[in-house]
Amino acid sequence: MNPFIARTLEAYRRTFQELATAPPVVDVDSNAQFARLLEDLVRIHANDIPVLARGFQESIKYMRPEAIASFLDGAIRSRIAIRFIAEQHIALTRSLKLRSKDSILTNKEIHSGDGSLKSARTGHSASSMVHSYGVVDPECSPAEMVRLCTNFVHELSVGTFGVAPDVEIDGMTTVTFPYVPVHIEYVLTEILKNAYRATVENHQRRHGLDSTLPIHPIQITISHATLPLPPLSPFDGGDVRTTNAVDHRKPPAYLSIRIRDQGGGVGSGDLSHIFSYAFTTAKRMGGGGTAEDSQLEGGPYAMQAVGGIAGIADTGSMDNAGGGDAGGLFGEIVGKGLQTGLGTIAGLGYGLPMARLYASYFGGSLELRSLPGHGTDVFIKFRCLDDNTNIEV
């Protein structure tokens, strides 16, 4: 077995053993102990994707691309699910701990003028301090997520190319919706890295490296819409045999983001491969190629990167089977939730296929439309998580 794949397999075996033999959760203290175990395991598996990528890079000549894609789709989808459950448990446990601390203030609560109880420390009502949604933000702002990601990718682009295009955000910029911010962050960052690189390189190819002409901006449009309700079923409390059943369900809603660039588009011969794992020109570039060389095979959307393949070099030695915590798809769990180790797998060709998996995990989608010679539109849809339907958008 390839040593990098074997390393990942062994890490999962040890993790399963630790979880299977962990003491049962019977009270707050045992839950806190279990949450600390989950935190350790999350950090241990931070670099699983780069390590697997390295293993399959070395194994590509022994396996069919379809077999690799099938395995990675299943493995990464399972990883998303497992990490979401673990991180949700950790976040709720931390919230519970904070709530316990706030409960100490009960004896210090004061009566406000209207007779309601308020915290002596914050002045907020006691009931407002006990709600928690874990890693789900009930009022996630897509516009703020876009600004966060564009700031990050802008710095990457300036550091790599010396320039970066501006970004124009329009549409429903004030809308919020319930979702997992770290999933949006990952998807947006991967798409924006491609858009920035394509735009800059297309501009330099047309006007030269020393051109002072303005670079075409990247346009990002945000919208929010609802879908028709599916037919009532007996499970919804209605009688499908009658036409007078009352439907009290909330219409399923979704958030759409369109990212439009003028980076030259994707060639028709490459369009069918852009969601394939390891379809990238990063290796060519690392071997001394030029930006023009990268355009000859796959184009900017094939590379999935601004930052090259540096992330794979930080995955540790073969003796470090745990993988350490030097980056990875997700970084450490800190502050209000998860912070992303963005760009770590740049240049491995995993950016777009993984972004599509994250977008589709809760029933969303990611589609790419190219106008060869002009630019590319990427359409991302995220289903709002405040309804109980399993509809896909």
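**Figure 1. Helices α5 and α6 in the predicted model.** In this predicted model, helix α5 spans residues 142-161 and helix α6 spans residues 181-207. Their axes come within 9 Å and cross at roughly 40°. The two helices are therefore oblique to each other, an angle under 35 degrees being needed to count as roughly parallel. The crossing of α5 past α6 is right-handed. On the α5 side, the contact is formed by M145, V146, L148, C149, T150, F152, V153, H154, L156, S157 and F161. Their partners in α6 are P181, I184, E185, L188, T189, L192, K193, Y196, R197, V200, E201 and Q204. Sorted by class, the residues of the contact of α5 with α6 comprise 14 nonpolar, five polar and four charged.

**Figure 2. Helix α1 against helix α3.** Helix α1 covers residues 3-20, and helix α3 covers residues 48-59. The axes of α1 and α3 come within 7 Å, with a crossing angle of roughly 145°. From α1, the residues F4, I5, R7, T8 and Y12 take part in the contact. The contact of α1 with α3 contains six nonpolar, three polar and four charged residues.

**Figure 3. Helix α1 against helix α2.** Helix α2 consists of residues 28-44. The axes of α1 and α2 come within 11 Å and cross at roughly 180°. Angles over 145 degrees count as roughly antiparallel, and α1 and α2 are therefore roughly antiparallel to each other. In this contact T15, E18 and L19 of α1 meet F34, L37, L38 and L41 of α2. By class, the contact of α1 with α2 has five nonpolar residues, one polar residue and one charged residue.

**Figure 4. Helix α12 and its buried residues.** Helix α12 runs over residues 351-360. Eight of its ten residues are buried, so α12 is largely enclosed by the rest of the structure. The buried residues of α12 are G351, L352, P353, M354, A355, L357, Y358 and A359.

Figure 5. Apart from its neighbours within four places in sequence, G363 is in contact with R383, I391, E392 and V393. C384 is 21 residues from G363 along the chain, and the C-alpha atoms of the two are separated by 9.3 Å.

**Figure 6. G134 in the loop between strands β2 and β3.** G134 is found between β2, residues 117-118, and β3, residues 137-140. Leaving aside neighbours within four places in sequence, G134 is in contact with Q88, A91 and L92. The C-alpha atoms of G134 and T93 are separated by 8.6 Å, although these residues are 41 apart along the chain.

**Figure 7. The whole protein as context for the close-up views.** The protein has twelve helices and eleven strands. It contains 393 residues, of which 44% count as buried. Among contacts between residues at least 6 apart in sequence, 77% join residues at least 24 apart. The protein exposes about 20,000 Å², and carbon and sulfur atoms supply 55% of this area.

Notes
Residues numbered from 1 in each chain as written. Predicted model: local features only at pLDDT ≥ 70, side-chain atom pairs only at ≥ 80, totals over all residues. Heavy atoms only, no water. Helix = DSSP H or I, 4+ residues; strand = E, 2+ residues; numbered from the N terminus. Buried < 20%, exposed > 50% of the residue type's maximum accessible area, 1.4 Å probe, protein only. Contact = heavy atoms within 4.5 Å. Areas by Shrake-Rupley, 256 points an atom, 1.4 Å probe, with all protein chains shown as cover. Axes fitted to C-alpha atoms, helices over the stretch in contact; angles between N-to-C directions. Parallel < 35°, antiparallel > 145°, perpendicular 65-115°, else oblique. Left-handed = near helix turned anticlockwise from the far one by under 90°. Nonpolar A, V, L, I, M, F, W, Y, C, P; charged D, E, K, R; others polar.
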